[in-house]
Amino acid sequence: MSKSQKTANDKAWEILFERHKILEEVEKNVFFEIASGQINQERESRLMAKFDHSVNLPDIFRDNHLSILPISRSKYVIGKFDTHFEVKYDSEIEVIPFEFPPGIESIDYTNLYSESSALHCAFNIGIIDDLFGEKTAYTVSGRMSTESFDFNIINSLANEPYSIKVKNSQCEIDAGFESENYFILIEAKKYFIKNFLIRQLYYPYRLWSKKITKKVIPVFMTYSNDIFSFFIYEFSNDKDYNSLQLITQKNYTIAPEEIQRSDVDRVFNNIKVIAEPDVPLPQADKFERVVDLLSLLLERDLTKDDITENYEFDRRQTDYYTNAGLYIGLMEKHENSLTKKPLFRLTSEGRSILHKRPKLKYLDLINKILEKKVFYIVFELTLKQGEIPPEDAICKIISENRPDINNTTIKRRKSTVQGWISWILSQIKD
């Protein structure tokens, strides 16, 4: 990979690994302790050691099966640790509808722009109470000291446990809710995830398990495509970092207005096909992730490094999904006036669509897909045949309408066409 393609974290960690002979030290001593001051010499440690998803790990970590954990306010430990937990969304789970209370004006459920806004909304409309069938109080959030504890963690290659001691590290809790019988710790993300850093639940869990007598329940919440998904876990062994187990998943949505076939027919019948933009035909198979990226841009403009380092996109996916947003005309590039780096932001149309209530938002997004000729033709065939056309038919449509794309690339792009048409069909509820 060329140096220009590496993130700031990649470049800084490569320097630190060379300077401190980290790979050699890990092989010799099992792990390597590094001070935040040493990290800060290259880049702020807060940015350099925050890997919420395994895809965020710098190349030198991934290539050598390494991860990093804080052990105090000023020290980290690097080793071959199994630090992340895989998440599988159960598509068969019923989505529980909740009405939005008419008396609340300070929450706009069409614009839950951050994890905290999504959590506040879920609490105030009763979703958190419904999770465990008990009335809850919103009692804890923010940064705090972990105090001292020790734990075992699995070597990701040898499947052997290592012992780690933590002394007054810092942890952050997105929200803690207390009911008659439980204390519920929630870590939240405002996008679909494939895995998460167990530490985000484990360190707060160890802290609060010592503080209170009630059962502490770790929960991971995602708010993606207007669905709240709650993953309720337990640690079967308090001293085992890797003993996290899924108990159940619950899904909720607010004020659902179902999209009917007649709604999509109306959109399709009024489509005005537009000229192809000067952007590659997307290679971004999951339109749900396009929606997530657009939603993230509601909060602030982002560079490619911001997207790659802070959300669950690797460098290629960042390219693919930003190009997808540009292709449908809801994102645009501009230059940061200070750093001169390119930033991505929502277009005025994109911002307007994202602020609409869910049904109208998704119908507008369907319109933005189908106004592109390739997608229009494939969807038209889908309606006629009752199913998405076979791969060779899609490839032929792409070839006829995008002569700039070679045959090898067409075979990759057809997966996106299939994925986006499938997403449209999944929105139809009758």
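Predicted model: local features only at pLDDT ≥ 70, side-chain atom pairs only at ≥ 80, totals over all residues.
Good morning. Helix H10 passes helix H14 in a right-handed crossing. H10 covers residues 287-296, and its axis lies 13 Å from that of H14, at an angle of about 115 degrees. That makes H10 roughly perpendicular to H14. On the H10 side the contact is made by Phe-287, Val-291 and Leu-294, and on the H14 side by Tyr-362, Leu-365 and Ile-369. How do the residues of this contact divide by class? There are 6 nonpolar residues, no polar ones and no charged ones.

Let me stay with H14 and turn to its packing against H17. H14 spans residues 358-370 and H17 spans residues 407-427; their axes are 11 Å apart, and the packing angle is about 150 degrees. The two helices are therefore roughly antiparallel to each other, since an angle over 145 degrees counts as such. Here H14 passes H17 in a left-handed crossing. H14 contributes Tyr-362, Leu-365, Ile-366, Ile-369 and Leu-370 to the contact, while H17 contributes Trp-420, Ile-421, Trp-423, Ile-424 and Gln-427. By class, the contact of H14 with H17 holds 9 nonpolar residues and 1 polar residue, with no charged residues. Please note Tyr-362, Leu-365 and Ile-369 on your screens: these residues of H14 belong to the contact with H10, and they also belong to the contact with H17.

H17 has a further neighbour to discuss, H15, which runs over residues 373-385. How are H15 and H17 oriented to each other? Their axes come within 10 Å and cross at roughly 55 degrees, and the two helices are therefore oblique to each other. H15 passes H17 in a right-handed crossing. From H15, the residues in contact are Val-374, Phe-375, Val-378, Phe-379 and Thr-382; from H17, they are Thr-416, Val-417, Trp-420, Ile-421, Ile-424 and Leu-425. This contact of H15 with H17 divides into 9 nonpolar and 2 polar residues, again with no charged ones. Within H17, Trp-420, Ile-421 and Ile-424 take part in this contact with H15, and they also take part in the contact with H14.

For the annotation of this region, UniProt lists residues 289-428 as "domain: DUF7226", in an unreviewed entry. Over that span the chain is 66% helix and 7% strand, and the end C-alpha atoms are 19 Å apart.

The model contains an open sheet of 7 strands, in the order E5-E14-E13-E12-E10-E9-E6, and its pairing is mixed. Which strands form the edges? They are E5, residues 95-98, and E6, residues 137-145, each of which pairs on one side only. From one strand to the next, the twist averages 30 degrees.

E5 and E14 pair in the parallel sense over 4 bridges, and Pro-97 stands opposite Thr-253 in E14. By contrast, E13, residues 227-235, and E14, residues 244-254, pair in the antiparallel sense over 8 bridges.

UniProt lists residues 10-78 as "domain: DUF6996", from an unreviewed entry. Over these residues the chain is 48% helix and 19% strand, and the end C-alpha atoms are 15 Å apart.

A second open sheet is made of 3 strands in the order E1-E3-E2, with antiparallel pairing. Its edge strands are E1, residues 31-35, and E2, residues 67-70, each pairing on one side only. The twist here averages 25 degrees from one strand to the next. E2 is joined by 4 bridges to E3, residues 75-79, and the two run antiparallel; within that pairing, Ser-67 stands opposite Gly-79 in E3. Which helix packs on this sheet, and which strands are touched? H2, residues 22-29, touches E1 and E3, and its direction makes about 130 degrees with that of E1.

Thank you for your attention.

How values were computed: Residues numbered from 1 in each chain as written. Heavy atoms only, no water. Axes fitted to C-alpha atoms, helices over the stretch in contact; angles between N-to-C directions. Parallel < 35°, antiparallel > 145°, perpendicular 65-115°, else oblique. Left-handed = near helix turned anticlockwise from the far one by under 90°. Contact = heavy atoms within 4.5 Å. Nonpolar A, V, L, I, M, F, W, Y, C, P; charged D, E, K, R; others polar. Pairing = 2+ DSSP bridges. UniProt positions renumbered as here; feature names shortened; annotations may be inferred.
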